[in-house]
Amino acid sequence: MVEKFKEWYVNRHAYAKQWKERTGGKVIGTFCTYVPEEILVAAKMLPVRVIGSHEPQDVTEPHIFGMFCPFCRDALAQGLKGRFQYLDGVVLAHSCIHFRQTFNSWRIHLPVEFSYYIPMPNTVQTPHARSYHKGEVEKFQAALQEYIGRPITGEDLDRGIRILNRNRRLLRQVYEYRKLDSPPLTGEEAMYMAVTSQFIDKEEHSDVLEAVLKELPGRKLPRDPGIRLMAVGSENDDAEFFKMVESVGGTVVIDEQCAGSRYFWNESVPNGDRMAAIANRYLDRPPCPVKDYPSHSRFAHVLNLAKDYRAQGAIIMQEKFCDPHEGDNPRLKKFLEENGIPTLSLEFDSTNPLGPFRIRVEAFLETIRGEELF
Amino acid sequence: MITAGIDVGAKTVKVILMEDGKIKAKAKVLSGFDQEESAKAALGQALMEAGLSREAVGSIVTTGNGRKAISYATDDVTEARAAALGAVFLYPSARTVIDVGAEESRAIKCDPSGKVLDFAVNEKCAAGSGAFTEAMARALEVPLEELGPLSLRSTQTIPMNAQCTVFAESEVVSLIHSKTQKADIARAVHDGLSSRVVAMVRRVGLDPELVLVGGVAHNPGFVESFKRTVGLDNVRTAEEPEFVSAIGAALAAGE
Amino acid sequence: MATLTKYPTEALKCWPKAKEIRQQYYKDYAEAHDRGGIRWSGGAWAFDAVPMGLGDDVHVMTGEPYAASIAYDRKFAQECQDATDARGWARDLCSYMRIYWGSMYLNRFFFGGEFPRPDFYYQTQICCSHAKWDQEAALHEKVPFYCIDVCVGPYETLTEERLNYVVKQLHDSIEGMEKTTGRKYDDEKLIAAVHNECRSTSLWAEICTLNKAIPAPLDEKTMFSLYVLATLQRSSKKIADFYEELRDEVKDRVARGIAAVPYERCRIITDTQPPWGFLKIYRYMEQFGVVSVGSLYTFGLEGIFGDQEDGSWGPRKTPQQLGIEIKNRDEALRITADWNLSRPQWQHFYDPRIKTRMMLRIVNEWKLNGVILHLNRGCEGLTVGSSENRLGLIKAGVPVMTYEGNMADEKEFDERRTVSRIESFMETLGLEQIEAARAGQAA
């Protein structure tokens, strides 16, 4: 069953088109993982996260200057190349200035029926973010209702919350298996699993997760896990990179990325106020560095993950020009190393130059193995 | 009047002598360390070919990255203007001129008189100019002039994932180690370069009435990749592409 | 081009005063502790009126103008950036931030002595780099960091709830400052500071509006030295008073037809901070008769604009001009929040189309012939959306040139290529060098 995720990943555009034909529903492109998907699902829509393709491209130069991150350009390129023509709408929840450009160029040059910008707080630690964000989530709901021409009821919202939470819970249950001495799934497989939950129908995805959970106890990989690694980074659905790392003596056992665990780690906690539950869920999730103010609350979470999953080393996957991550990484690296987690920093350019990376990763694994001897 | 256009490029100096809209002689020498000396040598060669003396030349206009370095020039014109003037003189229908040189490349949108309407220049990075193919030819241990023909023998497309020259060099080395065919690597190199150039061209807008000029247009591998990248079956390439800007300068000298 | 006119020019009379205010500012900051005063640091976009309620001996040093001062000293700027690089920070991060951090890590103050440690950091969060800047600085200096999130969308969509979010954070920050400094906060001082903030930023907008005149009384290169005062401390009475004086002088220049540049025949604006170490490119353009009459950056980084009665763009009316009396802390905070959220240079963070609209307005009302965009690798926040602005301007028929550079890291600026681009652009605009202008500069 695990193979299903990669299949979905490769054919994600075909999947979305088929979903649309099959259900007659609307497909909404989500920009960044801060869009409150509960409401989209409540409105019976398919949220599809807009991500890149990791191929070289030459179409974004007129729209986004080369000093901005390769991910935001790669993602826009997919739109300009017509790969997302099935989108009925686009929604951005305020995050970094880089990716906001993708959203803006998109709504200027690739018009869709519905486009919405959620001015989500960037200082999620302030107590005032809660009531403010709840108000913004309500405005978003109102705009969606107007678009679809019918109300999104409390019952709909409960269903949205339930569907999202089920998917999040199942993903965490699968991640639990990665704590084993010999994880029954590779980091590459886990990456496909996590990232596909961002654009596949959640119920369908959850059903496969349940089947996978039945399969995992008996699943043995014909490989030595080698050094247990953690991947820390931004979007980074760099499957080829994970594959390479796992071919030279390592296994990625946990990640702290928005293509992975940051996306699904926590649930919406219903407390009598549905909208507050939804809004708070996004304020309380493991933050992207762009939202982690005034303190680095994320660092402790990263370290806890490393400990829980017994990572022997961490690889910081730094998207080139990503200011929020660049503004965290030197301190994060120091923090992890002071806590006994050797850390390698690599700069990513959306395409994966595997040769130069392999040399660095092999050397890193050697150092960790060297330390094991003493 | 006899006019001279001197294109003082990063790698070579090109000279054109013109009389009444006709090319009388041309010469090309390596730039070397002293651009003024090299320009003098090139001009001397061209004069000799035309059987003329230095005094016969009425006006000398320079262009190229060393255009300010030539003390005896009457005037200088920008690289964009020289390329546009030269290209429209040779190909009157050309409206977009793509000039790929050793160190710089640019895309120029112009009107029928060769006036520059808009232009874009490559980012301050070698990966979008001829220097990129030079570095990759070195890594492949292939003479530069063979890199293009070699890539035409390629049977498959492999992506060049590294976007910068330094990383690309080590990627080429790993590709060699993993026994990838040299022809395929050469094609990937040209695909990488042309993707950079096309990205730049898109900034001024892609017009089918385009002409490729500059030394790199000699490279059939690049031209082939360029065609594929822009999706045009036919791309006009100047016959002696490296001389187009010098022609433009000689024309400017006659104005 | 028609016959060449040579306009009369004069040096600005209040120029030395601007210089003096700037020098005193850094001196006051460095010496504040010796006199028992308070020091805070942060960004030029921090709500600088708010800490003013802590007393008259509260001195600020905003990071961007401090780093820009260093950028003129290419050697020290490099040493600072090297010190930051050595700590593992990426070289493509904001070059002001890298310089400021470097000066802090090296413990060397540009104006002499050790780097003065602030009592706290105070910053707004709109740019991805700003908040990281002060987060790191506060950790290094081991002082508190107050960060006001202003990401509530463009001003044209501002609602009561969005404003409240900012105001509530401002209230919290006052409580934090009281705790940090042990001082009792004085609301009267806050009210006076908000008054001065509105006054100085509206006056600056008025000064920029006077530049609609032909010939322009100010050129952008001169404006760089003047707008900077508002980035130092727009809520200070001294600076508001200075702008009043400057406004009167510029008005007088307009009345008498005094130009900034003698051979003005082509008017442009630029965009974002210039490469500070290479302002001579502006002088070079003057040789072609080109004058930059400003930019959305020089106008709207601190200037607060609004629609005038005749539909044109000009200074936003201050609460005082509208007869609004500020009675208490909450009202003062609401006014400063609303005022700052209307800042022209905050709008493009949400949507480049708003900036394009403002730029086209400047093109029309300031009677421009073209626009030069600096694609500034040193500042993500102001370069964000620039490529779309370029497309928008071209679509409206405005000639646009772009050049790449960096406001403070000279490694990313290529002088020869930039000059070459300018020359090509001049050709596009049909402009040749004016011999008399060249000779005039050489003299």
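**Rings and a chain contact**

Biologist: Which residues do ring pairs link into a cluster in chain C?

Modeller: This is a predicted model, where local features need pLDDT of at least 70, side-chain atom pairs count only at pLDDT 80 or more, and totals for chains, interfaces and linings use all residues. Residues are numbered from 1 along each chain as its sequence is written, chains are lettered from A, and side-chain values use heavy atoms, without hydrogens and water. Rings of Phe, Tyr and Trp (its six-membered ring) pair if their centres lie within 6.5 Å. Linked that way are C:Y25, C:Y26, C:Y66, C:F76, C:Y100, C:F109, C:F110, C:F111, C:F115, C:Y121 and C:W133.

Biologist: How many aromatic pairs are there over all chains, and what is the angle between the planes of C:Y66 and C:Y100?

Modeller: Over all chains the count is 56 aromatic pairs. Planes under 30 degrees apart count as stacked, over 60 as edge-to-face and the rest as tilted. C:Y66 and C:Y100 are edge-to-face, 6.0 Å centre to centre, and the angle is 85°.

Biologist: Is C:Y66 buried or exposed?

Modeller: Buried means under 20% relative accessible area, exposed over 50%, partly exposed in between (1.4 Å probe, protein chains only). C:Y66 has a relative accessible area of 0%, so the word for C:Y66 is buried.

Biologist: How many salt bridges does the rule find across the interface of chain C and chain A?

Modeller: The rule wants a side-chain nitrogen of Lys or Arg within 4 Å of a carboxyl oxygen of Asp or Glu. C:D351 and A:R107 meet that way at 3.4 Å, N to O. Across the interface of chain C and chain A, the number of salt bridges is four.
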